[in-house]
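Please walk through the packing in this structure, beginning with a pair of helices and ending with a loop residue.

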Amino acid sequence: MLTRREFLKLCLSSAALSLSGILLPKVAEALGDRGEKATVIWLELMTCTGDFMSFANTLSPDVEQLIRDTIKLEYQNTLMTAEGETALKHLYETASKQEGKYILVVEGTVPTKDNGIYGKIGYFEDGRPVTDLDAVKYFGTRAKYVIAIGTCASFGGPYAASPNPSGSLPVDKILKDVQVINTPGCPCHPDWFVGTLSHAILYGVPELDAFGRPIMFYRHSIHDFCPKRQHFENSIFAKFPGDYGCLFEIGCKGPVTFVDCPTRMWNSAHINWPVKANTHCIGCVSPEFPDGMSPFFAHLPDVDLPGINASSSLVGKVAVGGALMGVAGHAAVSLLKGRIQNHLVNGSQTRHVDEKTLSMLQEEEKTTAEALKASGAASIKDAAGKSKESADDSGVKAHYGEKSRKRPDSGKRMDADASDELSPREVSVVKPKKIRIIKKISSKEKD
Amino acid sequence: MPVKIISPITRINGFWRLDAKIENHRIVDAFSGGIFFRGLEKILLGRDPRDAVYLTERICGICSTAHALASSHAMEDALRIMPPRNGIIIRNLIFGADLLQNHIRHFYFLTVPDYVKGPDRPPFTPGYNVDFRLSKDTSSQIYENYMESIHISRAAHDMVTIFGAKIPHNHGILPGGASVPPDGDNVRMFLSIIKRVKDFINSKMIRDAELIAEAYSDYFEIGAGHRNLMSFGMFSHPDKSGEFYFRPGVMIGGRPEELDRKAISEHVKYSWYDDAPPLAPEEGLTEPDAKKPGAYSWVKAPRYKGLPMEMGPLARLVIRGDYPEAYGTMHRILARVYEAKKVAELMEEWVMELEIGKPVFAPYEMPSDFEGAGMVEAMRGCLGHWFRANGRRISHYQIITPSAWACSPRDNNGIRGPIEEALVGTPVEDFDQPVEVGRVARSFDPCLACAVHAIDARGMQKDIYIGT
């Protein structure tokens with residue numbers, strides 16, 4: 001059987017091999033020793049079912065092997081034969097028989113408006129509805145592990161976007177006392193999910209970043225390992241989707257998106273991914289998706305672009321510095337990410353960082369500041385942006401602490417008022433070689 | 001009246017509520033209600049019109065490419081632009097591959113368990129145990145193909161990825177065309193996979209469907225419904241602007257008609273919205289009223305010239321002349337597998353029509369105010385996006401999905417929606433195991449994740465009221 005170390009190594013060397021292909025037989029083997037398969041209950045809530053469809057694309061093992069050798073998929077709305085009472089009864093029976101042992105997979109966001117009547121998984125025989133909200137609370141507190149698959153379950157996603165008509169919240173906002181493993185992505189890549197599931201079965205909860213994402217997948221920015229990174233450095237920018245060059249100017253959110261798409265690619269067969277297909281990353285694994293990542297077709301706006309440049313290269317420095325200092329690089333990255341996004345993405349909001357994490361982050365901030373100093377940058381603040389907002393920002397707390405802050409309304413979304421920048425054809429500023437883009441005057445500053 | 005509640009209905013994409021009144025082992029009336037409010041049309045307001053292509057995809061994980069296509073057509077209609085020839089072909093290839101994935105998964109994952117007894121382990125257990133008519137050997141053969149279909153449908157999704165970057169929610173279909181230029185590398189991969197998928201459809205899927213159809217021949221008659229068919233036209237012709245490989249058209253009571261794209265309206269008398277006369281989608285309102293008396297659905301009732309319409313593979317093939325005029329549950333299932341065969345054959349030809357070195361995308365300028373409509377075929381029927389933009393912001397967006405047509409409630413004239421109508425008259429042998437209801441309803445390939453636009457029908461629940 002694999003050791004934990006070997007496992008992580010496998011996960012990180014994603015591009016060369018099919019993660020799940022190597023892992024899952026091992027998982028089956030591990031389970032075989034104990035003579036039982038892991039029970040999995042998969043709840044579909046307010047979702048497009050895209051994460052299940054993505055899961056169905058897992059390559060090796062395929063779904064057939066998984067449900068035969070590795071897991072007992074006792075409840076899955078799209079696949080299961082049972083319907084009606086039979087299905088619901090089976091769901092509750094399984095949960096009580098396997099209480100504390102089953103793995104709960106939640107797909108979709110949880111509508112909470114009007115006590116959750118906007119989403120139901122079914123009805124009891126006596127006519128009482130089981131709302132998504134009830135189901136998450138009931139099955140979430142009895143599970144051994146809770147894995148949120150996809151951005152909706154992890155962070156809210158498109159249906160919780162402004163103005164959030166159904167009052168939807170991510171799973172970890174509902175299950176406050178339960179460790180929720182977030183595997184975001186719109187949809188979640190089959191490997192991200194199957195790898196996380198395997199880790200949970202074999203070794204328990206994987207190491208997570210500040211957003212509850214396993215760092216074995218959600219560690220480096222898209223920008224860091226982007227095959228078009230050199231185009232960015234050389235200022236070769238695509239002018240429209242399908243054009244040759246770096247996609248930054250048509251709206252790529254790679255610099256502020258942290259996941260391994262560039263090396264893993266899609267789907268399980270590792271064929272392609274948005275940037276290889278000459279379209280831009282829209283940041284779908286990020287907590288702020290989609291509000292903080294849109295307009296999709298406008299490049300990261302309202303910022304001092306040297307700040308962005310600083311940020312993208314700084315991320316690397318911090319990570320290195322962090323590692324040198326014995327600080328987990330991912331935390332530094334996440335921290336910086338949160339901060340950078342606060343400057344870059346007007347109105348983005350981090351929704352679920354608790355006090356404990358917050359103080360950890362503040363601790364990390366100090367440590368990384370030292371790391372930075374050692375690696376030559378003056379301070380995170382200096383590097384992460386010289387915009388006006390940053391001067392007002394009293395630290396991490398200003399960003400993470402404002403829990404009650406409303407989601408941005410449509411008017412406050414990343415503003416495209418200076419809409420001349422919107423058309424890809426019109427963006428034609430010739431960049432100096434070492435990117436040093438003239439600061440665009442944001443509508444705020446005009447005021 | 002004794003009431004029996006069965007909920008949820010599984011094996012559809014999404015959730016809805018179906019109330020069926022059953023008398024003397026026969027359904028005498030049915031009510032189809034979407035009970036989920038998601039509000040995507042409201043979410044779209046105020047956003048950059050170009051974002052709609054990626055956001056509306058996220059309505060549905062199984063037919064995301066169809067929404068991307070509809071949204072792109074709407075933008076192109078508004079801006080009066082035409083994608084290059086290569087762009088149209090590549091979009092057809094992406095959508096075709098997703099359609100094959102949908103048809104294969106619909107047949108094996110969603111349909112087969114209604115007719116064939118599966119292996120004795122989850123997720124195939126528990127389940128009903130009535131009316132399984134195929135022999136043990138045949139059943140296990142079909143489930144062997146079920147398992148193979150997992151690989152084949154995944155491969156179909158890999159085809160989408162070749163030109164679409166990823167799936168679900170591809171990036172390669174967007175206003176202005178496509179994004180991946182064809183070359184020897186991606187073309188050879190595509191050709192290899194399409195051949196594999198086609199072989200599976202021809203040698204396994206069609207045979208399995210015909211085996212089921214033979215054993216359940218009474219289902220050719222059951223679930224006929226309103227007998228009105230409609231198609232918006234599928235797969236744009238790259239050389240003939242406005243023409244399609246699967247032509248648009250309408251059949252009302254067996255009489256073929258040209259499609260009038262302006263004859264669509266939405267009724268809301270039985271839906272939880274403020275009352276209004278039937279409105280065209282360009283004007284459609286979405287003001288929810290959850291307490292409206294008499295209403296039972298979040299789905300509006302779309303109508304063509306005031307009539308409920310059936311759509312999907314059967315409608316497309318009948319209108320195209322590839323299937324005799326027929327109505328009924330098993331016809332829908334057979335038409336779906338035959339259409340998969342046809343599409344796979346066409347796709348092989350289209351790949352060879354790609355012109356290496358020619359553009360795939362036409363850049364465009366965005367004016368301040370514009371409006372457009374995108375009317376395309378999704379896997380399960382007619383999909384329309386209508387939008388208006390002011391000051392480069394979306395000020396109006398209405399989507400009518402095929403499942404909204406199929407799962408619609410009664411309209412202002414009290415006429416039942418297509419699935420409601422198809423259920424009436426369906427026999428139900430065993431009150432405790434009403435397998436027949438799911439067979440009829442699933443033959444429409446309802447995708448409730450799509451069914452309500454501004455709203456979304458979810459909750460996946462069926463109440464069966466059994467009375468005497």
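Angles under 35 degrees count as roughly parallel, over 145 as roughly antiparallel, 65 to 115 as roughly perpendicular and the rest as oblique. The model is predicted: local features need pLDDT of at least 70, side-chain atom pairs count only at pLDDT 80 or more, and totals for chains, interfaces and linings use all residues. Residues are numbered from 1 along each chain as its sequence is written, chains are lettered from A and ligands numbered from 1 in the order written, and side-chain values use heavy atoms, leaving out hydrogens and water.

In chain B, helix H7 (residues 313-320) packs against helix H8 (residues 329-353) at an angle of about 65°, and their axes are 8 Å apart. H7(B) and H8(B) are therefore roughly perpendicular to each other. Helices here are DSSP runs (H or I, at least four residues), as are strands (E, at least two), numbered from the N terminus. On the H7(B) side, Pro313(B), Leu314(B), Arg316(B), Leu317(B) and Arg320(B) take part, meeting residues of H8(B) that include His331(B), Tyr338(B) and Leu346(B); contact means heavy atoms within 4.5 Å.

Ile212(B) is among the residues touching the most other members of the largest nonpolar core, which has 188 residues. Such a core is a set of buried Ala, Val, Leu, Ile, Met, Phe, Trp, Tyr and Cys residues joined through side-chain atoms within 4.5 Å. Helix H4 (residues 85-115) of chain B gives the most to this core, with 15 residues.

Glu36(A) lies in the loop between helix H2 (19-34) and strand E1 (38-44) of chain A. Glu36(A) is partly exposed, at 45% relative accessible area (buried is under 20%, exposed over 50%, partly exposed in between; 1.4 Å probe, protein chains only).

Definitions and conventions:
Axes are lines fitted to C-alpha atoms, for helices over the stretch in contact, and angles run from 0 to 180 degrees between N-to-C directions.
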